[in-house]
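Please look over the sequence and the fold shown here before reading on. The paragraphs that follow go through them part by part.

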Amino acid sequence: METTNKLKDINEVLEFLFKEFPNCFKKKDGIKPLKVGIFKDVAERIEGSEVVSKTQVRQALRKYTSNWRYLEAVTKNEFRVDLDGNDAEKVEQEHIEHAQKALEESRAKMAKRKKPQRPRQQDGDTKSYKKKPHGQSRSNDKGARVNKKPAAQQVKRSSGKVEPLPASEVKVNNKVKVKLGQALVNATITEVNKDEVHVELVTGMQVKTKADSLFIV
């Protein structure tokens with residue numbers, strides 16, 4: 001097990017990365033997409049460090065790569081960068097599309113949280129409800145709820161077949177699809193620890209998941 005290190009707060013770990021690898025990690029200006037497999041490179045450089053642990057670095061990378069500025073950088077830069085700021089592989093179109101989607105979803109959630117909630121029942125709603133014959137509203141609502149279920153199931157069926165990843169294929173560096181909510185995202189396995197599997201998404205984000213959430217590409 002990894003011992004508890006000096007740095008406790010995730011922002012302090014990010015500050016450590018900013019200072020230790022200034023050509024790679026940026027606070028605001030100059031942010032660029034990270035090389036695929038950057039976690040391994042960082043882990044090698046900090047081997048034996050008494051300041052941060054690999055687990056803390058993984059958490060910091062997760063926060064760094066989910067930031068809006070970083071996601072925007074993925075959509076605007078042609079190349080990724082390594083720890084020394086050198087160009088690495090090209091940013092693939094698939095990665096750009098995934099970053100754009102993640103950015104849109106994140107902004108939508110933020111807008112929803114900021115939007116004041118309006119009363120669900122208004123005067124017009126009350127009047128229309130009163131016009132219905134006794135018992136009709138409740139029965140219609142039940143019918144509506146019943147009709148919604150098959151539609152939801154139909155959406156799931158139409159999403160296409162995916163095959164679970166065999167246990168023998170749960171190996172480091174293997175390309176997989178990982179289930180995040182209702183979506184399947186391309187990723188690469190970076191670490192296997194008993195029943196826990198760490199993967200790196202196409203955007204560079206580090207995610208911890210279970211083997212049964214992995215599927216064949």
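**A walk through the model**

The buried residues of helix 5 pack against helix 4 (68-76), strand 1 (79-81), strand 4 (183-193) and strand 5 (196-201). Packing here rests on contacts, meaning heavy atoms within 4.5 Å. Helices (H or I, at least four residues) and strands (E, at least two) are DSSP runs, numbered from the N terminus. This is a predicted model, in which local features need pLDDT of at least 70 and side-chain atom pairs count only at pLDDT 80 or more, while totals for chains, interfaces and linings use all residues. Residues are numbered from 1 along each chain as its sequence is written, and side-chain values use heavy atoms, with hydrogens and water left out.

Helix 5 covers residues 93-114, which is 22 residues. From first C-alpha to last, helix 5 reaches 32 Å, close to the 32 Å expected at 1.5 Å a residue; the expected span is 1.5 Å times one less than the number of residues. Which residues of helix 5 are buried? They are His95, Ile96, His98, Ala99 and Leu103, where buried means under 20% relative accessible area, exposed means over 50%, and partly exposed lies in between (1.4 Å probe, protein chains only). These five lie on the same side of helix 5, because they cover an arc of only 165° around the axis. The arc is that of the directions from the helix axis to the C-beta atoms. An α-helix has 3.6 residues a turn, so residues three or four places apart point the same way. On the face of helix 5 turned away from the buried side are the exposed residues Glu104, Lys109 and Lys112.

The rest of the chain can now be set around this helix. There are seven helices and seven strands in the chain, and from the N terminus on they run α-α-α-α-β-β-α-α-α-β-β-β-β-β. The chain has 217 residues, of which 32% are buried. Of the contacts between residues at least 6 apart in sequence, 59% join residues at least 24 apart. The chain exposes about 15000 Å², and carbon and sulfur atoms supply 49% of that area; accessible areas come from the Shrake-Rupley method with a 1.4 Å probe, and for residues only the protein chains shown count as cover.

Five strands form an open sheet in the order 6-5-4-3-7, with antiparallel pairing. Two strands pair if DSSP finds at least two bridges between them. Strand 6 and strand 7 (214-215) stand at the edges with a single partner strand each, so one side of each is left without a neighbour in the sheet. Strand 5 and strand 6 (residues 206-210) pair in the antiparallel sense over five bridges, and valine 199 has valine 207 in strand 6 as its bridge partner.

In helix 3 sits arginine 58, which counts as buried at 7% relative accessibility. Leaving aside residues up to four places away in sequence, arginine 58 touches Phe39, Thr190, Glu191, His198 and Gln206.

How many salt bridges does the structure hold? It holds eight, a salt bridge being a side-chain nitrogen of Lys or Arg within 4 Å of a carboxyl oxygen of Asp or Glu. One of them joins the side chains of glutamate 15 and lysine 27 (3.1 Å, N to O). This pair links distant parts of the chain, with glutamate 15 in helix 1 (residues 10-20) and lysine 27 in the loop between helix 1 and helix 2 (38-45), twelve residues apart. Glutamate 15 is partly exposed at 29% relative accessibility, whereas lysine 27 is exposed at 52%.

Another salt bridge is formed by lysine 90 with glutamate 78, their closest N and O atoms being 3.2 Å apart. Lysine 90 belongs to strand 2 (residues 87-90) and glutamate 78 to the loop between helix 4 and strand 1, twelve residues apart. Lysine 90 is partly exposed, with a relative accessible area of 48%, and glutamate 78 is partly exposed at 47%.
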